[in-house]
Amino acid sequence: MAPEKVCKTVHQYNQEPIPKEDMEKLQAIAEDYCKVKNYVYVRYGGRGGLSKLYPGYTVQNEMTKSGLRSELGMPSVYFYLAVFDALGDIKSQWTRTKSKLLKLIGKNENFTEEDKHFLRFLIKVSNAFDAVINEKPVNLEKEMQDQYDRLAEKTDAERLHRYLCRQVRRYHKTLHTVQETGFSISAKAYRYEDHGIYVATKEKRKRLFIPLTDNNQYDSQLYIQLYPMERRLEIKVPIQVSVRIHQDYTNQVGAAIGLNTMLITDTGRRYGEQLGAYQLEYSDWIRRQTGSYNNNRHNNPGRKKYQARKNRYEEKLHSYINHELNRFLQTEKPEIICIPKLPKPQAGGSGSKLNHMAALWQRGYIRKRLTQKCQEHSIRIVEVFAKGISRECSRCGAEGRKEKGQFLCACCGYETEDRTNAAQNAKKRGIGSIDLEERKTDRI
């Protein structure tokens, strides 16, 4: 049996600064790529384009006939990638809109259960949803049509149709991008050779050579991110890697993510203790630079040095995070990691300095990298409900209090570091949810 595969992204970089004229050629592709995406957003991102999104060949054919590619003088290897890239964004936007509608329906106290059931049916049946929001008759296959008719008889269908249309107009927004600093490129548009990569340009039969820092070669679709001010680029390469199975990874670990210490486990072990210092240094520098820039904006100060140093700060921070995550997995040898779901950032707090640091908190990056590494090593992540997790005593379940980083339980006298207590609760809730799932499976 072939080993399971997981996708990861590797990066390649230019070895030497890219000449100005070469960077302009790459920027011309990125600008056209952006124009094509915006054209697709406007033409197919609204209600009228919904029926053409799947499987997308209708859009491809119409875009071919539009004459936009000839007008831009854009190679087909870039043009159609931009089209399908935009289509993917539009589909994701509709998914978000439908999720929002489902939440609104669930919270609406004016709807009966029959009303809610009917609206959910309309949202989940694509042809019905398309017909309703475009104010057309609902015509489905016989079995689905019969179900629609039965549900419609129990409700005021016209009123609910109008409600759905109003909410779509309110919450579904047409996409637009101003990002002209990158583009996707198919395997037909490049070749690796001479310790670098040759990239197709808008000039026929002419490719641009970019020396690279490594000699690795790939044959998949790439994404080229441009940094014109720094005369550099970054190539993002999706690759399939085999999932590694570790026979000695058998532990069940509870973990809590923190602002100052990256991870604390249920046994009290700490990983990434310097994260807070790194982030504080980064946020202090950002705050000083922002103030300096605002004070001198009338002199039109450049941002080249600022952006270069900002990138160095982020690379340093990300390198530290990845190193500590690797150490966490190698030391804990987990089979299962239980971790609280993190809440969305909230406005306000104890002070502007802390708020600024929290705004730059890399928790999204930490979670993304932890998830990726767990997938690569066949480790299961269990996200648990985080409400009250830091104030609940992990020993007796009573509500305790936190004082100066410590958790104190007046009921049973348990005392420990507050993040450790949160990690212990995460483990308890996570393992409990797994046991419940297994019991349900056994009954089935």
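Modeller: In this predicted model, Leu122, Ile123 and Lys124 of helix H5 are in contact with Ser126, Ala128, Phe129 and Val132 of helix H6. The residues of this contact comprise 5 nonpolar, 1 polar and 1 charged. Helix H5 covers residues 113-124 and helix H6 covers residues 126-133; their axes come within 5 Å and cross at roughly 100 degrees. Because angles of 65 to 115 degrees count as roughly perpendicular, H5 is roughly perpendicular to H6.

Strand S3 (residues 190-193) and strand S4 (residues 196-200) pair in the antiparallel sense over 4 bridges, and 2 residues lie between them in the hairpin. Arginine 191 has tyrosine 198 of S4 as its bridge partner. Aspartate 194 belongs to the loop between S3 and S4. Its phi is near 55 degrees, which is a positive value in a residue other than glycine.

Lysine 333 likewise is not a glycine and has a positive phi, of about 50 degrees. Lysine 333 is placed in the loop between helix H10 (304-332) and strand S11 (334-340). With a relative accessibility of 29%, lysine 333 counts as partly exposed, because that class lies between buried, under 20%, and exposed, over 50%.

Strands of a sheet pair through backbone hydrogen bonds, either parallel or antiparallel. Between S13 and strand S14 (residues 406-408), the antiparallel pairing runs over 3 bridges. Glutamate 403 has glutamine 406 in S14 as its bridge partner.

Arginine 401 is also found in strand S13. Not counting residues up to four places away in sequence, arginine 401 touches Arg391, Gln406, Phe407 and Leu408. Arginine 401 is partly exposed, its relative accessible area being 40%. Valine 382 is 19 residues from arginine 401 in sequence, and their C-alpha atoms are 26 Å apart in space.

These parts belong to a chain with 13 helices and 15 strands. The C-alpha trace of the chain spans about 75 × 70 × 60 Å along its principal axes. Of the 444 residues in the chain, 43% are buried. Among contacts in the chain with a separation of 6 or more, 70% are between residues 24 or more positions apart. The chain exposes about 25400 Å², and carbon and sulfur atoms supply 47% of that area.

Terms used
Residues numbered from 1 in each chain as written. Predicted model: local features only at pLDDT ≥ 70, side-chain atom pairs only at ≥ 80, totals over all residues. Heavy atoms only, no water. Axes fitted to C-alpha atoms, helices over the stretch in contact; angles between N-to-C directions. Parallel < 35°, antiparallel > 145°, perpendicular 65-115°, else oblique. Contact = heavy atoms within 4.5 Å. Nonpolar A, V, L, I, M, F, W, Y, C, P; charged D, E, K, R; others polar. Pairing = 2+ DSSP bridges. Buried < 20%, exposed > 50% of the residue type's maximum accessible area, 1.4 Å probe, protein only. Areas by Shrake-Rupley, 256 points an atom, 1.4 Å probe, with all protein chains shown as cover.
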